[in-house]
Structures are given as structure tokens and as C-alpha cells.
Amino acid sequence: MRWGITLKINNDFNYVPWVIGLSIAINAIVVALLFVPKIDSTSDFDITILPLLNAVFNSFTFVFLLAALFMILRKNVTWHKRFIFTAFTTTALFLVSYLTYHSMAPSTSYGGEGILAPIYYFILITHIILAAVIVPLALLTLFRGLAMKVDKHRKIARWTMPLWLYVSLTGVIVYLMISPYY
């Protein structure tokens, strides 16, 4: 039995409105979490496990992206697609977990001092900015690949891949640095 992904979009499908709409929606929801009141959860579920889960999802995304890069450098398009779809899946799971946690929990302040504080904030700020940027880049790169616009896909993927790798890795680093303060 073969595990194959044959998802492909029609060349005349205009995916740009989808990229723009999803990018705006995802980033707007994340920003809105800063301003909306927190949901009062009375369940027995301990939401403090979610930041760890977010770091795990980011770790998997990082590994899947590296595997996708490795596969495409070896011209194995089938496995490249599989790893990219898997990276999108772990990223989507991260987003659900992230939104759940931040809709219910107050912000956690970093308590480190000395040289670690500016390092933490540099990593955090670049992570946040590039996480917002990677949404449209990753979607545009995906849609161009699915539309078999290979030249356009390659041009943008040269930017998307390293930025997405950075965002997923720094997500784990941010978690490791702030985890003692949860």
C-alpha cells in the first residue's frame, strides 16, 4: 500500500485572496488575544501543559521542515511534499494549542536577569515579528507548489524555509527560557 499525496490545485485558481484572507485572520486572532478578556476555565484540565505542547509542536515542525529541505535537495518531491504537509499540520496544531492557552491564561513575564534578559527579548521579538511574516510566506509558498508554479515556488521558498525554521526553533528556545516562570 502506497502513501501518496496527490493534492494539486488548478493553475487558474486564484489562491492570492485565500493567502491574504488567512494571513489577516490568523494574525488578527493572535493580536486580539492581547485585548480580549481571558476565558474563565473551571475544568480540571491544567492548561499550564499547553506551553510545553506548543514547544513540542514547534520542535516537530522544525524537524519536518529540515526533512522537507533534505528531500527537495535530493530531488525527492513526493517526500518533500509529505514533510511540508506534516509541518503544516504540526503548525496548525501549535496554533490551536497556542490560541487555547492564551485565551485562558494571563501572560507570563520573563524573570531572568543579566545578559540573558536582552538575549531573551531579542529572540522573542524577532520570533514574534517573523511568526507574523511567515504566515503569508508559508501559505503563498505552499499554494505555488500545489499549482506547480515551480519557478515561483523556488524563489519564495528560498526565503520561506529559513524564516520558518527560525520561527519554529526560536519558539522552542523562548519556551525553554521562560518555562521556569510559568
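A pocket here is an open set of grid points with protein on both sides within 12 Å along at least five of seven lines, and its lining residues have an atom within 4 Å of a point. The model on screen is predicted.

Start with the largest pocket: select V30, F94, Y98, H127 and A131, which lie nearest its centre among the 44 residues of the lining. The space in this pocket comes to about 1,300 Å³. Next, colour the helices α1 (16-32), α2 (50-73), α3 (77-104), α4 (116-146) and α5 (150-178). Coloured by class, the lining of the largest pocket shows 31 nonpolar residues, twelve polar and one charged.

Move on to the second largest pocket, with a volume of about 750 Å³. Select I72, H80, H153, R154 and A157, the closest to its centre of the 26 lining residues. Two or more residues of this lining come from each of α2, α3, α4 and α5. Here α5 gives the most, with nine residues. The classes in the lining of the second largest pocket are 17 nonpolar, five polar and four charged.

Finally, turn to the surface and select F45, I49, L52, L53, V56 and F60. These residues form a nonpolar patch with about 510 Å² of accessible area together.

Methods. Residues numbered from 1 in each chain as written. Predicted model: local features only at pLDDT ≥ 70, side-chain atom pairs only at ≥ 80, totals over all residues. Heavy atoms only, no water. Patch = residues over 30% accessible without salt bridge, like charges linked within 9 Å, V, L, I, M, F, W, Y side chains within 5 Å. Areas by Shrake-Rupley, 256 points an atom, 1.4 Å probe, with all protein chains shown as cover. Salt bridge = Lys/Arg side-chain N within 4 Å of Asp/Glu carboxyl O. Helix = DSSP H or I, 4+ residues; strand = E, 2+ residues; numbered from the N terminus. 1 Å grid on protein atoms, 1.4 Å probe; cavity = no way out; pocket = protein on both sides within 12 Å on 5 of 7 lines; lining within 4 Å. Points joined across faces, edges and corners; volume = space filled by probe spheres on them. Nonpolar A, V, L, I, M, F, W, Y, C, P; charged D, E, K, R; others polar.
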